[in-house]
Amino acid sequence: MLKGNTKICSRCGDEKPVNEFYSQKGGRSGLRAACKKCFIKANSEYRYKRKSGVRFGSKDYFIELKQRKEAVQK
Ligand SMILES: [Zn+2]
(Lines give C-alpha, C1' and ligand atoms only; values in the text may rest on other atoms or scores of the structure.)
Protein backbone atom coordinates (compact mmCIF):
# COMPACT_ATOMS: atom_id res chain seq x y z
CA MET A 1 0.00 0.00 0.00
CA LEU A 2 3.03 2.29 0.26
CA LYS A 3 3.35 4.58 -2.71
CA GLY A 4 6.17 7.09 -2.51
CA ASN A 5 5.66 9.19 0.57
CA THR A 6 1.94 8.67 0.70
CA LYS A 7 -0.21 5.87 2.02
CA ILE A 8 -3.85 4.98 1.53
CA CYS A 9 -5.82 4.90 4.75
CA SER A 10 -7.58 1.58 5.30
CA ARG A 11 -10.50 3.32 6.97
CA CYS A 12 -11.34 6.46 4.99
CA GLY A 13 -9.59 5.32 1.78
CA ASP A 14 -7.88 8.68 1.30
CA GLU A 15 -4.32 8.89 0.07
CA LYS A 16 -2.37 10.89 2.65
CA PRO A 17 1.28 11.75 3.31
CA VAL A 18 2.99 9.23 5.61
CA ASN A 19 3.31 11.87 8.35
CA GLU A 20 -0.48 11.67 8.61
CA PHE A 21 -0.06 8.12 9.92
CA TYR A 22 1.21 6.99 13.30
CA SER A 23 4.14 4.62 13.28
CA GLN A 24 3.66 1.07 14.46
CA LYS A 25 6.49 -1.21 15.47
CA GLY A 26 6.30 -4.59 13.82
CA GLY A 27 3.84 -3.41 11.19
CA ARG A 28 4.39 -4.37 7.59
CA SER A 29 5.12 -0.80 6.54
CA GLY A 30 6.07 0.46 10.00
CA LEU A 31 2.92 2.56 9.93
CA ARG A 32 -0.61 2.04 11.09
CA ALA A 33 -3.16 1.09 8.45
CA ALA A 34 -5.45 3.98 9.37
CA CYS A 35 -4.50 7.67 9.29
CA LYS A 36 -4.16 9.73 12.47
CA LYS A 37 -7.63 11.17 12.10
CA CYS A 38 -9.23 7.75 11.69
CA PHE A 39 -7.04 6.24 14.38
CA ILE A 40 -8.12 8.88 16.90
CA LYS A 41 -11.74 8.37 15.89
CA ALA A 42 -11.46 4.58 16.17
CA ASN A 43 -9.67 4.93 19.47
CA SER A 44 -12.38 7.07 21.01
CA GLU A 45 -15.03 4.66 19.74
CA TYR A 46 -13.02 1.83 21.25
CA ARG A 47 -12.78 3.60 24.59
CA TYR A 48 -16.47 4.29 24.53
CA LYS A 49 -17.18 0.62 23.87
CA ARG A 50 -14.83 -0.39 26.64
CA LYS A 51 -16.77 1.70 29.12
CA SER A 52 -19.66 -0.69 28.79
CA GLY A 53 -17.62 -3.75 27.89
CA VAL A 54 -14.11 -4.74 28.80
CA ARG A 55 -12.89 -3.08 31.96
CA PHE A 56 -9.29 -2.28 32.79
CA GLY A 57 -7.79 -5.10 34.83
CA SER A 58 -10.55 -7.56 33.96
CA LYS A 59 -9.90 -11.01 32.53
CA ASP A 60 -10.93 -9.88 29.05
CA TYR A 61 -8.60 -6.93 29.28
CA PHE A 62 -5.59 -9.18 29.86
CA ILE A 63 -6.63 -11.51 27.05
CA GLU A 64 -6.77 -8.49 24.79
CA LEU A 65 -3.34 -7.27 25.94
CA LYS A 66 -1.88 -10.72 25.29
CA GLN A 67 -3.36 -10.79 21.79
CA ARG A 68 -1.96 -7.35 21.11
CA LYS A 69 1.53 -8.42 22.22
CA GLU A 70 1.35 -11.50 20.01
CA ALA A 71 0.34 -9.37 17.05
CA VAL A 72 3.34 -7.08 17.58
CA GLN A 73 5.73 -10.02 17.74
CA LYS A 74 4.70 -11.28 14.30
ZN1 LIG B 1 -8.26 7.82 7.35
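**Working chat: a predicted model**

Mentor: This is a predicted model. Of the 74 residues in the protein chain, 7% count as buried.

Trainee: How many helices and strands are there in the protein chain?

Mentor: Two helices and five strands.

Trainee: In what order do the elements run from the N terminus?

Mentor: The order is β-β-β-β-β-α-α.

Trainee: And confidence? What is the mean pLDDT of the protein chain?

Mentor: The mean is 81. In the protein chain, 77% of the residues reach 70 or more.

Trainee: Where is confidence lowest, and where highest?

Mentor: Lowest in strand S1, residues 2-3, with a mean of 50. Highest in strand S3, residues 15-17, at 95.

Trainee: Let's pick a residue. Where is the place of Lys16?

Mentor: Lys16 sits in strand S3.

Trainee: Why does Lys16 count as partly exposed?

Mentor: Because Lys16 has 17 C-beta neighbours inside 10 Å. Buried would take 20 or more, exposed 12 or fewer.

Trainee: Which residues is Lys16 in contact with, leaving aside neighbours within four places in sequence?

Mentor: Thr6, Lys7, Cys9 and Cys35.

Trainee: What separates the C-alpha atoms of Lys16 and Cys35?

Mentor: 7.7 Å, with the two residues 19 apart along the chain.

Trainee: Back to the chain. What share of contacts with a separation of 6 or more comes from residues 24 or more positions apart?

Mentor: In the protein chain, 26%.

Definitions and conventions:
Residues numbered from 1 in each chain as written. Predicted model: local features only at pLDDT ≥ 70, side-chain atom pairs only at ≥ 80, totals over all residues. Helix = DSSP H or I, 4+ residues; strand = E, 2+ residues; numbered from the N terminus. Contact = placed C-beta atoms within 7 Å. pLDDT = per-residue confidence, 0-100.
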